Amino acid sequence: MSGAILALEGVTKSFGPIEVLHGVDFALHPGEVHALIGENGAGKSTTMKILAGYLDPTGGRVTFEGKPITFTGSDQAEDLGIVMIHQEFNLAEHLSIDQNVFLGRELKRGLLLDHKAMRVRTAELLSRLECRADPGAQVSRISVPDKQMVEIAKALSRKARVLIMDEPTAVLTEKETEILFRQIERLREEGVAILYTSHKLGEVKRIADRVTVLRDGVMVRSDRTADVTEDDMATAMVGRELSDLFPPKITAHGEPILVAESITVPGIVHDASLTLHKGEVLGIGGLVGSGRTELAEAIAGLRPRQGTVRLNGAELPAGQVAQAMRAGLAYLTEDRKGAGLLLEKTLRENLTLPLLETFGRPLIDHKREEAALDRAIADFAIKAPDRGMAVGDLSGGNQQKLLLAKTLLSDPQVVIIDEPTRGIDIGTKQQIYSLIAQLAAEGRSIIVISSEMPELIGLASRVVVMHAGRIAGELSGDAVTERGIVGLAMGMDGSSKDHAA
Amino acid sequence: MTTATNTLTRRPRVNLTVIAPLVALLVLIGIGMALNPNFLSWANITNVLARSAFIGIIAIGMTFVITAGGLDLSVGSMAAFVAGLMILSMNMLTESMGPGLPVIFAGIAIALATGLAAGFINGILITRAGIEAFILTLGTMGIYRSLVTWLADGGTLSLGFEMREMYRPVYYSGVAGIAWPIIVFAVLAILGEITMRHTAFGRHCAAIGSNEKVARYSSVAVLRVRLATYVLLGVLVGIAVVMYVPRLGSASATTGLLWELEAIAAVIIGGTLLKGGFGRVWGTVVGVLILSLIGNLLNLTDFVSPYLNGAIQGVVIILAVVLQRNTGAAR
Amino acid sequence: MKTTLIATTALLSLTAFPALSQTVGISIPAATHGWAGALNFHADRTVTRLQEANPDMTFVLTTTSDPGQQVSDLEDMVATRNIDALVVLPFESEPLTGPIQRIAESGVWVTVVDRGLSQEGIENLYVAGDNDSFGRTAGQYFADTLEDGAKVVVMRGIASTVDNERVAGFEAALEGSGIEVLAMDHGNWNRDTAFNLMQDWLARFPEIDAVWAADDDMAVGALAAIDQAGRTEDMFVVGGAGMKEMVQRIQNNDPTVPVNVTYPPAMISTAIEMTVLGLTSGAPLSGEFIIASELITPENAADYYFEDSPY
């Protein structure tokens, strides 16, 4: 193997008095895919940002092609061929795809922009990524996976020598992930050094040549991927043996509590019906864009709809979130940052927002709010260095726990949880899974919407699968298998509906 | 972890972002004292506070509108229109009822009701018809301004002599030497600060301005709260007019000219974010005082050419905001 | 003032002439302050009256709030309304000179009101008040009534040529009188601004003997501030332009408001009437009509009081 192109030597990083990286050694080699894994808050993001020139190390040094270097900023790093793809998209929503791909490095003919050349080049890049989006389409109108592909196209167009990818597959389906992997393999053959992070250990095993595990700002192990198992990785990340990821399922259910009939959201969901029983965990599967989220939002009163929703026999009017919440139905959004939490507000302000009126009228009792936060921090094991901090500065896992606490504040009988563990480390995942089981054991009823098959299979005793806005079928008991769900989700006509528990 | 973090809960955080407007105000007062001994005279202080009251009362309402992510450019024109309508109806009532306190009460009621209605129209069109607040209020700004010009036939609407004398004390007298406008301004400022910080309405305004979608998903009645901010602002415009009319007893096409910009400037100087999501009423009060003091100081001295008054104001506004943004940029 | 009366009389005798279908364009500033409001009032009233007298004649009246808009209005008038005569009160001299010159060159009769163009000889008829005389008349009254060493403050209008001419006239009249001008600042022809300005001056100067407010709107604001400070006895205020309210106070021998100076907004009526007269009679009245400012005193105040004027 040739020498490292980009490396960290004994790098430390402090934010104020808190040191988050304690002497990390890490090297990227040309033609190698290097996975960096760790729980949320382990220091992965900080490490990547130092490598890509967004942050300066507090101690230690960064070397590029063997020589120490201090980046003046990410643009200098980019000039050297070090490109980072952020987990949160860095796209100008109102510009078209090709305008985004060439943003800041527009192709010109004389003084004027060469629109045609840029469009052609973008089309080439997209077709290499097997992405069928129109290069002229406005980014705000394309799907989330397509946005990820645009980000990757952008990086490809920059002739990257080092490519740093922060959880690129979090929003991709398995098929799209496969396409991405083919591109990664192609880049590897071209000699690009790739840093890859993911919470999906199976993917790491599949694509990475080398895997490095970070825990609490310390590099705990670094091995050839071939030499470690997924369990080894998980154990190294968490620092303890992970018991069974999913708690045992409860299969005995009570009366129907939530009955949705012929729900239609024009253009998105068509005539979908489902029934949820007391104490049940019902899964909703299907591809991203199949109408899962829209169905849930329509039931929760967040979208205009046709059809009826009955909770405990009483009908819930359409488009009335507050009324649904008061009746005992709560919805936890998949879009944590866009629709779930106020990122620049404190934990307390976020926690009590849906039920502010119950914390005193006309004046809010701050003491009661603080007490509620104390309970939430304890019950959900939220780790916040400072209670007065902005929620945006919390790690993804802690944000998700806070969002759960906020959703459950109204003590709902029925909870719809959309993507309970997106972008969350395995330790927190396990906590959330056991919490869901505990909620069900308390007699609450839960709907889990997820793109992760193991999650649906591990949690739900019954799974409804959506395809193209319709309910494609329902699986229960032993029929809840990966093949069964995928078959329905892809629109294959299965007889699985008849399978009994 | 929980116990460890609890000790950090109430750490006092004094930073320049928070106190920048206060510092600017103190600096201005210092300059004033150095330049003119009359600056701190009771009469001058009363004058400055009383004349700040109109824009101040409006700016309190504007703080809520801006915090909730809105904007209202129509308040200056609205004030002129409300004042015009109030004077006109008081003159008509004097003819039918004869001069007396009932006419004043009727006038006040009309001012408040007109302000409420005007705010409601702005709010309902913004929330239900989904018109961009900037454009809608730019439109109503022109409408109210034309209406008052039309009401006044291009001239000045003046309150009848007898009513003017009777109504006059509302501006000029007060309690314990403190003029009524100052008292009303102070009371409203305190109520506004409490509403912003300690009620569900204030918190909801901040949540909507911060991220409307999150607020909606958290079952906040986004449209209703947003509408309420415009109605509140309209009522406060009405109250400001009730204080304004007794001063000169007249309204014309130039009444309230540029008040909207002064009110918005005061809100921003005070530390409220123009894009919404965070607002504080006490900051707005400080902002209003800063703006009034600049004018007052320039009148009290020959320090700068009067042609440059606007430039001095501009520089102070920018400095006050830069001071906050620089120290606050860390986040 | 006399000229106005003669012209009006002449016109009334001529209204019986056979009517011609001609178009007169009138462009004046919008009613943004009292005086301009009165200007609009008079223009509107005159147009209504002349329209009745000349049913075939068309009048196009536009009001503008800035010079740029006025240029556009003038262009529209020429392009789409095909005017035969134009009566214009230029918002500002410099930017309007070129456009008006082109209109005059195209053969349209041009009457310029109040604010002169920056080049001579463009207009056919010029009707104006006399700003120098406006300031000088007030200044002369100060010089005549105040003692040597008296202290005065001066409230100016919006910074403009009009304002500069008035203040220059005022200062020229004060020369050698020994009167001290304590402060001079812009009240922008606005009541509220004037009120605040006067409050601050009262706080700053313990002794003020007289106030010259170069417009009655500002005088109203100044008077309210003086009244509030309880210093009504100490000084008098001279405004300008003959607002109804002021004229009334002069009539009542109010010591605080002893006199006023005219600057009649009705000059627009004179200008329109003379223009129409020229068109209908075929004997155009050209030249310059300068209406000098006069001092309104308790003795002659009754002549300057117009009950139904808005100003």
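**Figure 1. Strand β15 of chain A pairs with β21 in this predicted model.** In this predicted model, β15(A) runs parallel to strand β21 (residues 462–467) of chain A, and five bridges join the two. Strands here are DSSP runs (E, at least two residues) and helices are runs of H or I of at least four residues, both numbered from the N terminus; two strands count as paired if DSSP finds at least two bridges between them. Look for A:Gly283, which stands opposite A:Val463 in β21(A). A parallel partner is also found in strand β20 (residues 445–449) of chain A, joined to β15(A) by four bridges. There, A:Gly283 stands opposite A:Val448.

**Figure 2. The two faces of β15(A).** Which residues point one way from β15(A), and which the other? A:Val281, A:Gly283 and A:Gly285 point one way, while A:Leu282, A:Ile284 and A:Gly286 point the other way. In a regular strand, side chains alternate between the two faces of the sheet. Both sets are buried, and the strand (residues 281–286) is mostly covered, with six of its six residues buried. Buried stands for a relative accessible area under 20%, exposed for over 50%, and partly exposed for anything in between (1.4 Å probe, protein chains only).

Figure 3. A:Ser14 sits in strand β1 (residues 6–15) of chain A. Its relative accessible area is 22%, so A:Ser14 is classed as partly exposed. Leaving out neighbours within four places in sequence, A:Ser14 is in contact (heavy atoms within 4.5 Å) with A:Glu19, A:Val20 and A:Thr58. For a sense of distance, A:Asn350 is 336 residues away from A:Ser14 in sequence and 27 Å away in space, C-alpha to C-alpha.

**Figure 4. The domains of chain A.** An automatic or database domain assignment divides chain A into domain 1 (6–238), domain 2 (243–328 + 411–501) and domain 3 (342–409). Taken over C-alpha atoms, the centres of domain 1 and domain 3 of chain A are 33 Å apart.

**Figure 5. An open sheet in chain C.** Four strands with parallel pairing make up this open sheet, in the order β7-β6-β8-β9 (chain C). β7 (180–186) and β9 (236–238) of chain C each have a single partner strand and stand at the edges, so one side of each is left without a neighbour in the sheet. From one strand to the next, the twist averages 15°, from lines fitted to C-alpha atoms, with angles between N-to-C directions running from 0 to 180 degrees. Within the sheet, four bridges join strand β6 (residues 151–156) of chain C to strand β8 (residues 210–213) of chain C. C:Met155 is the residue standing opposite C:Ala213 in β8(C).

**Figure 6. Chain C and its place among the chains.** Chain C has ten helices and twelve strands, and its C-alpha trace spans about 65 × 35 × 30 Å along its principal axes. Buried residues make up 59% of its 311 residues. Chain A and chain C do not touch, their nearest C-alpha atoms being 33 Å apart. Of the two pairs of chains in contact, chains A and B share the most contacts.

**Notes.** Residues are numbered from 1 along each chain as its sequence is written, and chains are lettered from A and ligands numbered from 1 in the order in which they are written. Local features need pLDDT of at least 70 and side-chain atom pairs count only at pLDDT 80 or more, whereas totals for chains, interfaces and linings use all residues; side-chain values use heavy atoms, leaving out hydrogens and water.
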